[in-house]
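Colleague: I have not worked with this model before. Can you walk me through some salt bridges and a pocket?

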Amino acid sequence: MPQRKLTLPAWFGDHMLLQQQVRIRIYGNAEAGKTVRLTLERFPSGDKLSSGDTEYGIIFQESDFPEEDGFFEFKLPLIEASYDRFRMTIECDGERAVFQDILFGELWIAAGASNMSMPAALSDVRDLIPEIAENRGLRFFTQNENGLAPGTDEYSQTPLARSYGGRWLNPGDRDGISNLSAAGLSFVLKLQKEMGIPIGLFNLACPDSCIHSWLPGAVVEQDAIIKNHVREIKHYRDKDNWNQLPPEEKREERHFSNKVAQTDMAALPPPFSRLNQQGALFNHKLAPYTSLAIRGLIWYQGEEDVQYPDYYMRAFIAFSAVVKELFQAPVTGLKLIYSQLTPSFVSDTDFMRLAVFNEALSAVRRRLDLQAGMITNYDLPLAFDSSSGRYGSMQTPSAKKMIGLRMAQLALGLAYKFDLPDSAPECVSAETVGNKLLLSFDNAGKGIRLRQGDRSLKGFTICGHNRQNVLAEARELYQVRVIVWHDEIAQPVSCSYAFYTFNMEANLCSSNGMPLVPFRLDRDMSSQEKPRAWANCESLSDFRIPKIETHSLPRHHNKNHPGIYPLWTLFAGRGQFRLETENKRHGRAAIMLKYSKADERPVIFGPILDYASDYPPLDLHLWDEMVIHLFNTEHRVKLIKLHLADANGRETYSETQQIKDILSWQDIHFELATAPVDLMRLTKIEFILQDPEAQGVLTIDEVSFRGLHLEP
C-alpha cells in the first residue's frame, strides 16, 4: 500500500463545525511540487437563516503548490452562520480527503480541570442529553480525556500535531454526548437557543490538572517565577527525568479533630502525576489545534492550585497570552469566560483560604491578554455523588447546568453584545455616610437584589480602625446600592462580603441571578468573624462537613462524607423542630420547637458547633451578651437558662430566666463577659427549657450578640 502523503490538521473530520466570520486557515502537508486543490461546496438546508441570494454548489475553489517542505495553506472566504451543509474536498496527486456535513457557526473550547471535565452523565445536565442528541445544530469534538494514546501513561515533552482519540461525534451519539463536559453542554445549548445558529464545542478539559501543565514548556522555562514554583512543588521535569515518577513517600494522616494538632491541607502541594509535568497538557490538548478558528474558551480550573493565589494570577495571565496567540479569532478578538471555585474544604485551619484564591481570580480579569468575564457559583447546591469515582468528592458538585448557563449569559454580553453583563456583578466603590458604608456596583444588569425567597441581606462584615471585622447589618437601596453598618461601630473604615470558604448564605445578586463577587475593600491585616448560619434561625439544615477524627478530605470520602446536616438539635428531652414562615421578625423563617414532658426533665436544645466546615471552636470573645429572640405561644411562664462549654472542658450555667406570659416577641439576655469559660474556644451552646405544663411550643427567631468590646 502506498504511503499516504497528504496530512491535515488533527481536528478535521465529518460533522465538523467551523467558526463563522473568519478567514479560516486550511493547511497541511503534501508531496513537494504536487498541486493541492481545495473545493468547498454548499448545500441548502431550507432554514430561514439562508438568504434568497445565497449561492449553492461550489462556492470556493483554489490550488496551492507546496515547495520543498511540502507545506500548503488556503484561506477560506468569510462565511456567515447558517444550517446549510458544506462539503470540503482536498486533493493531491490521486489522494483525496472529503469531509461531509460541515456547518458554520460559533465554536468554543471547554478546558480546565475536574469541574469542567465532569461528564454530563454524572451531573444535573444528564436530563438534557436527549434534547442535545436530537439537536443537529450542535457539534462536538472530543479526544481522550488525558490526551494520551490508549495503553500509555507517558506524555510527550514537545508539542504534538496529533490528537489521540480526537474525533467529531456523530450527531445523535448519546453515549458520546453523555461523556462530554456537563458545563460545556449546558453552555452551548443555551447559546444556540438564544442565537438561533449552529454552535460547536471542543471538549478538552482534563481532571486534576494544574495550570502549568496547560502552559507551553517554553513559557515555563522563560518565566523564572513560574519555573521556580513548578520546581518547588516537585512537578518540574527536564529531558533527563521526563515522565519519571518520584519515589514513594509515606503520607501523613490528616486530622480533623479539635483534640489533635491540625495540618493546613492547603499548604500541601498537589501530588505529582505525569499529566502535571510542565507543558504536558499543552502538548497533547492544545498544540494539536494550533490555528483553529474559535470565538473563545470557557475555563474552569484552579482546584489543584488553590494554595497559590499570587502565582496563579501570573500563570493565568501567561495562559491568556498563549491562547490568544495559538488560535484564530474573529476581528473582535478571542474571548475567555471562566469560573470562580466552588466552596470546598481546601483548608482545615484557614476559613478564608478559598476566598483569597477567588479574590485573585477576580482581580486578574482585567489584566488578562484578552477580554474576559468571570462567573460566581457559591449559591449553587454542593451535593455530589460519592459513587462517581474521581468526581465523587465535594470539590466537584453535581450542579453543572447553571455553571454553563451563567457562562453562556456572559458570552452573550461579552462576545455577542446582547444587553447583558459581561462579568459577574462586583463592588466598585464605597463611601462613608455617618456610621454606615454605602456601596456601588457594576455588571448588575437592571439592578442588585436579594436572592429569590430571601428577605434579609446576609454575608457582610464591617470594621472600624482596629480592623476587627464583625458580622454586619446590610440593606439594598432601590436596587442600586447597598448600605452596611453595625450599631456599635461609629466610624467604619472597611467591610467585606462573603469572604470566607463556605459562603452560601451570602445572598446578593444581579437582576440576572448572578451572585455578587465576594470581596474585601482592602487587604490590611484584620481579623474576620466567622459566619454563624445557625444564629439566623432561618433553616433547619444546610450543607456541612461533619467533624471527622481522621479524614483525607477533599480528595477522598468515607461514610461520613459532606452533605445536608441539621444546624440545630435536641440534646435531651422530647421535641421536634420545624420552620415557621408566618410568625417571625427577621428573615424568611423562624424555628419552632414543639416539645413534651418538659415538666419531668428539661428540654435541652441548641446549635451544632462541631462541623468541620464551621471551623470550630466558636469564638464569641468580642461580645458581652447573647440574646435569644423568642415567641411564647401559650399563656404561661416558662423557664430557660444557658449552658456553655469550651475546648478545655470547662462548663458554666447561667442564672435561670423567665420567658414571660406575653403574646409577643421577647428578648432573653444571657451575659457572656463574666462567664468562666474560654469564649474564644466554645464547643457547646445549650438552651435548657422547663415548662410546668409539660408540653408546648416555643418559636426562636434569631440569636444575636450585643455589647461589642473591640480590642485596641
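**Salt bridges and a pocket**

Modeller: D379 and R406 are joined through their side chains by a salt bridge (2.8 Å, N to O). The term stands for a side-chain nitrogen of Lys or Arg within 4 Å of a carboxyl oxygen of Asp or Glu. This is a predicted model, in which local features need pLDDT of at least 70, side-chain atom pairs count only at pLDDT 80 or more, and totals for chains, interfaces and linings use all residues. Residues are numbered from 1 along each chain as its sequence is written, and side-chain values use heavy atoms, with hydrogens and water left out.

Colleague: Where in the chain do D379 and R406 sit?

Modeller: D379 is in the loop between strand 13 (371-375) and helix 10 (401-414), and R406 is in helix 10, 27 residues apart. Helices (H or I, at least four residues) and strands (E, at least two) are DSSP runs, numbered from the N terminus.

Colleague: Is R406 buried or exposed?

Modeller: R406 counts as buried, at 5% relative accessibility, while D379 is partly exposed at 24%. Buried means under 20% relative accessible area, exposed over 50%, and partly exposed in between (1.4 Å probe, protein chains only).

Colleague: How many salt bridges does the count come to?

Modeller: The count is 38. One of them pairs D153 with R274, with the closest N and O atoms 2.8 Å apart. This pair links distant parts of the chain, 121 residues apart. D153 is partly exposed at 45%, and R274 is buried at 15%.

Colleague: What about R451 and D454?

Modeller: Their side chains meet in a salt bridge at 3.6 Å, N to O. Salt bridges that share partners join R451, D454, K458, E538 and R588 into one network.

Colleague: New topic. What volume does the second largest pocket have?

Modeller: About 850 Å³. On a 1 Å grid over the protein atoms alone, a pocket is an open set of points where a 1.4 Å probe fits, with protein on both sides within 12 Å along at least five of seven lines; lining residues have an atom within 4 Å of a point. The volume is the space filled by probe spheres set on the points, which are joined across faces, edges and corners.

Colleague: Which residues are closest to its centre?

Modeller: Of the 29 lining residues, those are A472, E473, N536, E702 and S704. Strand 37 gives the largest share of the lining, 5 residues.
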